[in-house]
Amino acid sequence: MKLAVFNGSPRAGGSNTKILLDHFLRGFSETQGDEYELFYLIREKDFTSCIEAFKKAEHVVLAFPLYGDSMPAPVKAFIEALEPVCGREGNPPLGFIVQSGFPESGQSHYLRRYLEKLTRRLGCRYTGTVIKGGVEGIQAQPPWMTRKLFQSFYELGRIYGQTGEFDPELVEKLGKPVWYSGPGLIVAGFFMKLFGHAYWNSMLKKNGAYEKRFARPYAPEK
Amino acid sequence: MKKICILNGSRSDNGQALDKYLERLEGILESRKYEVTRLVLRDMDIRYCHGCWDCWVKTPGECVIKDDSSRVLQAIIDSDFVLTASPVVMGFTSSVLKRAKDRFIPLIHPYFAIVQGEFHHRQRYEKYPLLGLILEMTPGSDEEDIEIISDIYARNALNLQTVLKFVRLTSDPEEEVADEIGRI
């Protein structure tokens with residue numbers, strides 16, 4: 001199958017989205033005859049070549065980080081550029097990969113509803129939305145911490161290459177936790193403070209900005 | 001409540017109807033003694049967020065991209081109420097508006113806090129303005145789009161630890177919207 005992949009991360013080649021896609025595409029390419037074309041939306045001046053690739057593809061995957069409970073602005077600009085192909089005969093099946101810093105996949109469910117509606121608007125078959133939370137920081141983590149995550153994306157890609165579908169079991173597994181509750185929330189909150197804050201603090205200290213971390217440059221003068 | 005900021009997210013190609021609506025609304029609000037700041041985002045130099053997080057870890061609270069986004073952030077923090085306006089384009093608010101909104105992250109802190117049982121960002125400022133949203137229906141948009149947008153904007157408000165007070169359409173008379181603002 002011919003797959004068009006759009007990476008909508010504002011960080012492009014340095015993004016966590018890229019890392020997850022690399023593993024997905026490594027799995028995807030294992031099936032003989034499968035090939036893909038990859039675009040970084042932030043690098044496109046207009047979206048002419050992206051729209052052409054969208055129209056020619058047999059399948060499309062759009063991957064990006066959750067930004068403000070929705071899609072990053074370059075992704076919205078791309079979606080607006082797709083307006084002329086709404087309802088076009090032969091639009092490819094379309095699916096999404098959304099990753100977030102927030103650990104709960106439920107944070108992306110509001111956006112998922114939008115994405116599902118978008119596929120209807122375009123007249124594409126919806127192949128689903130893969131949601132993975134807690135991704136911020138993976139570039140600083142040692143390999144043993146990310147091995148399972150990368151293996152899951154490799155498997156997801158491998159199965160997609162064979163079937164043209166996101167494996168429902170893997171999607172469900174990656175989507176955990178949807179939300180935290182009860183003691184789970186307390187434990188998660190404790191670890192987030194311990195490791196999450198340490199992650200930000202180490203960067204603040206490296207930049208000599210730790211003392212200014214609570215700065216309020218736009219606050220009214222008292 | 002005294003200070004209102006209107007963020008006009010209309011597009012350059014067919015923004016006139018929304019522009020006119022907002023001008024009339026602004027007139028009414030000013031006649032009712034509100035101090036109104038109007039920002040027409042499409043006319044401002046606001047670049048895409050790079051996702052570098054320097055506003056969190058290098059120059060806390062300030063973006064390293066020097067453009068008009070800082071005017072938007074200052075207006076937000078200075079206001080009691082921020083009214084965001086946009087046409088519905090492909091089922092969501094415009095990319096012009098989204099580009100400005102992606103640049104809001106210097107207003108929050110990288111640390112997480114648990115709010116209503118969910119992970120959110122810790123507040124950077126003591127107080128954030130209340131929010132409202134005005135949408136212009138365009139051909140092909142429907143009730144479901146409004147619901148989806150409203151849900152996402154309510155989430156945005158939660159992330160800023162404030163409240164989305166209303167979502168209105170430009171088919172509602174300006175007077176009614178002004179009255180609703182008056183009741184906040």
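Helix axes are lines fitted to C-alpha atoms over the stretch in contact, and angles run from 0 to 180 degrees between N-to-C directions. The structure is a predicted model, in which local features need pLDDT of at least 70 and side-chain atom pairs count only at pLDDT 80 or more, while totals for chains, interfaces and linings use all residues. Residues are numbered from 1 along each chain as its sequence is written, chains are lettered from A and ligands numbered from 1 in the order in which they are written, and side-chain values use heavy atoms, without hydrogens and water.

Helix α4 (residues 109-122) of chain A and helix α5 (residues 143-159) of chain B have axes that come within 9 Å and cross at roughly 155°. α4(A) is therefore roughly antiparallel to α5(B) (angles over 145 degrees). Contacts (heavy atoms within 4.5 Å) join residues including A:Y110, A:R113 and A:K117 of α4(A) to residues including B:E144, B:I148 and B:D151 of α5(B). By class, this contact has 5 nonpolar, no polar and 9 charged residues.

The whole structure holds 3 cavities of 30 Å³ or more, a cavity being a set of points on a 1 Å grid over the protein atoms alone where a 1.4 Å probe fits but cannot get out, with lining residues having an atom within 4 Å of a point. The largest cavity has a volume of about 90 Å³. Its lining comprises 14 residues, of which B:C49, B:H50, B:C52, B:C55 and B:C63 are the closest to the centre. The second largest cavity contains about 50 Å³ of space and is lined by residues of both chains, among them A:M192, A:K193, B:F112 and B:F119.

Definitions and conventions
Helix = DSSP H or I, 4+ residues; strand = E, 2+ residues; numbered from the N terminus. Parallel < 35°, antiparallel > 145°, perpendicular 65-115°, else oblique. Nonpolar A, V, L, I, M, F, W, Y, C, P; charged D, E, K, R; others polar. 1 Å grid on protein atoms, 1.4 Å probe; cavity = no way out; pocket = protein on both sides within 12 Å on 5 of 7 lines; lining within 4 Å. Points joined across faces, edges and corners; volume = space filled by probe spheres on them.
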